[in-house]
Amino acid sequence: MSRGHIWLKAAGVMGVGVLLALVMLGCGGSKTTGEWPEKPGPKIVVSFAPLYCLAANVAGDDATVKNVMTTTGPHDFNPTADEVKLLSKADFFFIIGLGLDEDTAKKMKDGANNSNLKVVELGEKLPADKLCEGKCEHDHGHDGKHDHGKDPHIWLSPDHAILMVNVIRDELKAADPAHAAGYDARAADYIKKLAALKEDGLAQLKGKENKRLVSFHDSLAYFEQAYDLKVMGVLTQKPGEEPDEKQMKKLIRLCADEQHPIRVIAVEPQYSTSTSGATLKKELINRGVKDPVLVEIDPLETVRPDELTPDWYEKKMRANVKALADAMK
Ligand SMILES: [Zn+2]
């Protein structure tokens, strides 16, 4: 029996309305409705996908976690009324801060009218010496208002993910002490997985002679640090904007260096229409750089709603490292 037949038969049994509702919901219940399930324990909202994974792994069954941003990431996000409504009954809103998502968070909190809501800027809770300086050309689309103090892309390092898990664990223990042992145990388990994420990646990249790359947007400082890479340049100063001629010439010169050529050009799946990576690759071939290659590195700023499960972060990070390890020599 064909798939279509099965669906038709199912529709007959369940009624078209129910079936349609199921199709629209997808498996992950993707659409934010602003409603919470009837369940005891802290209600947690996170700004975007990596934080969902960190919080969900600590929360287990003792708390409920909901994610706000999906296909539009923290650089460009504009909340809907339902997303704001989600905060009206929430206990926590975990965000990164550091100039990335606190403006959105403030706007949402103001709209939610919930004086019990605790906004936790995870990036601000990390020791200052663990934060990289932001690069000033990096405009995150905040009309130049954004604070270029620290680079916010901390989730791209498992080390920093572990530090954030510690903060989340302690917040949840303080809010829900009856389940402290559960939060402790789950955080410890998850931290082991995050440590393995780093160790396995380092093992895959070990022995690569040329660990230099150009990143797509300026998002890989912490990733570079964790995996012992050398990010030498940035393709676009602002995601969605192509480099101008001067920037492109500079990149070509940088990559075509005879002593230390750069072969690996990172591109992002979210900007698949961008041609700058391919242009750079072509120029490098013309200049005799051996075997330049485009590698898709996902900065984990957006997610397809039906893909977001607690292990999404690990899977995506592993895919990024594998893509690099496959490409590097
Ligand atoms: Zn970014």
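Asn114 is buried, at a relative accessible area of 9%; buried means under 20%, exposed over 50% and partly exposed in between, with a 1.4 Å probe and protein chains only. The model is predicted, so local features need pLDDT of at least 70 and side-chain atom pairs count only at pLDDT 80 or more, while totals for chains, interfaces and linings use all residues. Residues are numbered from 1 along each chain as its sequence is written, and side-chain values use heavy atoms, with hydrogens and water left out.

**Asn114**

- Asn114 sits in the loop between helix 5 (102-112) and strand 4 (118-121); helices (H or I, at least four residues) and strands (E, at least two) are DSSP runs numbered from the N terminus.
- A polar atom of the Asn114 side chain lies 2.8 Å from the backbone oxygen of Leu87, and the side chain of Asn114 also reaches the backbone oxygen of Ala90, at 2.9 Å.
- Apart from neighbours within four places in sequence, Asn114 is in contact (heavy atoms within 4.5 Å) with Leu87, Ser88, Lys89, Ala90 and Lys109.

**Zinc site**

- His75 (NE2), His153 (NE2), His217 (NE2) and Glu301 (OE) coordinate the zinc ion at 1.9 to 2.1 Å.
- Donors are N, O and S atoms within 2.8 Å of the metal (3.2 Å for Na, K and Ca), and water is not among the atoms, so sites may look incomplete.
- The site of the zinc ion is tetrahedral, with angles of 97 to 129° among its four donor atoms; four donors count as tetrahedral if all angles lie between 85 and 135 degrees.
- Ideal angles for four tetrahedral donors are 109.5 degrees.
- Along the chain, the donors of the zinc ion follow the spacing H-x77-H-x63-H-x83-E.
- His153 and Glu301 are both buried.

**Asp151**

- Asp151 also lies in the loop between helix 6 and helix 7 and is buried, with a relative accessible area of 4%.
- Beyond neighbours within four places in sequence, the contacts of Asp151 are Leu98, Cys132, Glu133, Gly134, Asp218, Ala221 and Tyr222.
- Asp151 and Ala221 are 70 residues apart along the chain, and their C-alpha atoms are separated by 7.8 Å.

**Aromatic pairs**

- The whole structure has four aromatic pairs; rings of Phe, Tyr and Trp (its six-membered ring) pair if their centres lie within 6.5 Å, and planes under 30 degrees apart count as stacked, over 60 as edge-to-face and the rest as tilted.
- One of these is the edge-to-face pair of Phe48 and Trp155, at 4.8 Å centre to centre and 85° between the planes.
- Phe48 lies in the loop between strand 1 (43-46) and helix 3 (49-59) and Trp155 in the loop between helix 6 and helix 7, so this pair ties together parts that are 107 residues apart in sequence.
- Both Phe48 and Trp155 are buried.
- Phe223 and Tyr227 form a tilted pair, at 5.1 Å centre to centre and 55° between the planes.
- Both Phe223 and Tyr227 lie in helix 9 (residues 221-227), four residues apart, about one turn of the helix.
- Phe223 is buried at 2% relative accessibility, and Tyr227 is buried at 0%.

**Cysteines**

- The structure holds zero disulfides (pairs of cysteine sulfur atoms within 2.5 Å).
- Cys132 counts as buried at 15% relative accessibility, and Cys255 is buried at 0%.

Methods: Four donors count as tetrahedral if all angles lie between 85 and 135 degrees; four count as square planar and six as octahedral if opposite donors are over 155 degrees apart and all others between 65 and 115; anything else is irregular. A polar contact is a pair of N or O atoms within 3.5 Å; within protein, one must be able to donate a hydrogen and the other to accept it, and residues adjacent in sequence count only if both atoms are side-chain atoms.
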